[in-house]
Amino acid sequence: MRRWLFMSALLLVLSACGSSRTEDCVIYYRGAEEAGGALSGAACALPPDQSSILPALELLLAAPEDLTLRSPFPAGTKLNGWTLEGGRLTVDFSEQYGKLYGIDLTLADYCVALTLTQLEGVEEVAITVAGGEVPGRSRQVFRAGDVVLEGDEPQMLVLDVQLSFPLEDGSGLGTEYREIRVGEGETPAGAVLQALRDGPTSKPMAAFLPAGLGEVKAAVAEGLCTLELDESWRQALPQEPEDRALVVYALVNSLAELPAVDRVLILSEGEPVWGSGPLEPDYQLSLTS
């Protein structure tokens, strides 16, 4: 399971939300752009039972009063409804929510999940749009344990991902887990590519990206990560089909670990370097873990 750690100074703003029998609940929002924080929260007193689900959702959808906070949702997002069954709370939003992608989608998902899993009887949260799954993400159910907030590095996003590298004997791909830090101005896809450049930390896996490679243009939209390779990358790709396949799928499998990526298109001079279009991960090539 991929584990995301959002390092952000957690701002708590106490407010009363009306009920003689209440408990504190943190409503999570995005930090203001100028503040640079990923997630921040406002503490609110809510009924300590399932009757607090609707008020919590209404607070999530409302614009926060604190100017250092901002809504994680696109303008016009509305609540269509919710159901709670067996510890899973399913929340259905209007179609505006489906316009989110990439890190914006991930942060919105976890604002919802972190807020609602504090409530009695809610163990996990599923988020749908107009009754269907949200496009552009590889998971549909979220738990509070997937996210950890810390307060000492307010502009750092830390990803725990599984990276793929070719085995030294060329028989397949090996995998290793790596904690990747994404600083301000960086992207998760760029951080994964840098980790692949750095190579594996253990054998029998081998580094496959030589030193001196140029920068890669990486763009993520609607679940598709597009890589534009320059001349240095094109020359570094193996000519033998079997070896080239391992390099290509080491890239694809590693990038597909990101929540916003489920397909990868690798281009050189506008043409795919493998196949005829976007590639999905092939985990059958991974012989070790």
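Here is a tour with a few stops, each starting with something to select. Before you click, keep in mind that this is a predicted model.

**Stop 1: the aromatic rings**

Select Phe73 and Tyr97 and show their side chains. They make up one of the five aromatic pairs that a search of the whole structure finds. How far apart are the ring centres of Phe73 and Tyr97, and at what angle are their planes? The centres are 5.7 Å apart and the planes sit at 40°, so this pair counts as tilted. Now trace the chain on either side: Phe73 is in the loop between strand 5 (69-70) and strand 6 (79-85), while Tyr97 is in the loop between strand 7 (88-93) and helix 2 (102-116). The pair therefore ties together parts that are 24 residues apart in sequence.

Are Phe73 and Tyr97 buried or exposed? Both are buried, and Tyr97 has a relative accessible area of 0%.

With Phe73, Phe93 and Tyr97 all on screen, you're looking at one aromatic cluster.

**Stop 2**

In soluble globular proteins, nonpolar side chains tend to be buried together. To see a case of this, select Leu227 and Ile266. They have the most contacts inside the largest nonpolar core, which has 37 residues. Colour the elements that give two or more residues to this core: strand 12 (156-166), strand 13 (173-182), helix 3 (188-198), strand 15 (224-229), helix 5 (241-255) and strand 16 (263-268). Which element gives the most? That's helix 5, with eight residues.

Zoom in on Leu227 and look at what it touches. Leaving aside residues up to four places away in sequence, its contacts include Leu193, Val216, Leu255, Val264 and Ile266.

There is also a second, separate core of 30 residues; to find it, select Ala108, Ala113, Leu116 and Val125, which are among its members.

**Stop 3: a sheet and the helix across it**

Show the cartoon and look for the open sheet of four strands, in the order 14-15-16-17 with mixed pairing. Strand 14 and strand 17 (271-272) are the edge strands, each pairing on one side only. Follow strand 14 along strand 15: they pair in the antiparallel sense over five bridges. If you select Ala221, you'll see that it stands opposite Leu224 in strand 15. Then bring back helix 5, which lies across strand 15 and strand 16 and runs at about 140° to strand 16.

**Stop 4: two single residues**

Select Gln162, which is in strand 12. With a relative accessible area of 14%, Gln162 is buried. What does its side chain make a polar contact with? The partner is the side chain of Tyr177, at 3.3 Å. Not counting residues up to four places away in sequence, Gln162 also touches others, including Thr175, Ser254 and Glu257.

Finally, select Lys203, in the loop between helix 3 and strand 14 (217-221). Lys203 is exposed, with a relative accessible area of 69%.

Note on methods:
Residues numbered from 1 in each chain as written. Predicted model: local features only at pLDDT ≥ 70, side-chain atom pairs only at ≥ 80, totals over all residues. Heavy atoms only, no water. Phe/Tyr/Trp six-rings, centres within 6.5 Å; stacked < 30°, edge-to-face > 60°. Buried < 20%, exposed > 50% of the residue type's maximum accessible area, 1.4 Å probe, protein only. Core = buried A, V, L, I, M, F, W, Y, C linked by side-chain atoms within 4.5 Å. Contact = heavy atoms within 4.5 Å. Polar contact = N/O pair within 3.5 Å; in protein donor to acceptor, adjacent residues only side chain to side chain. Pairing = 2+ DSSP bridges. Axes fitted to C-alpha atoms, helices over the stretch in contact; angles between N-to-C directions.
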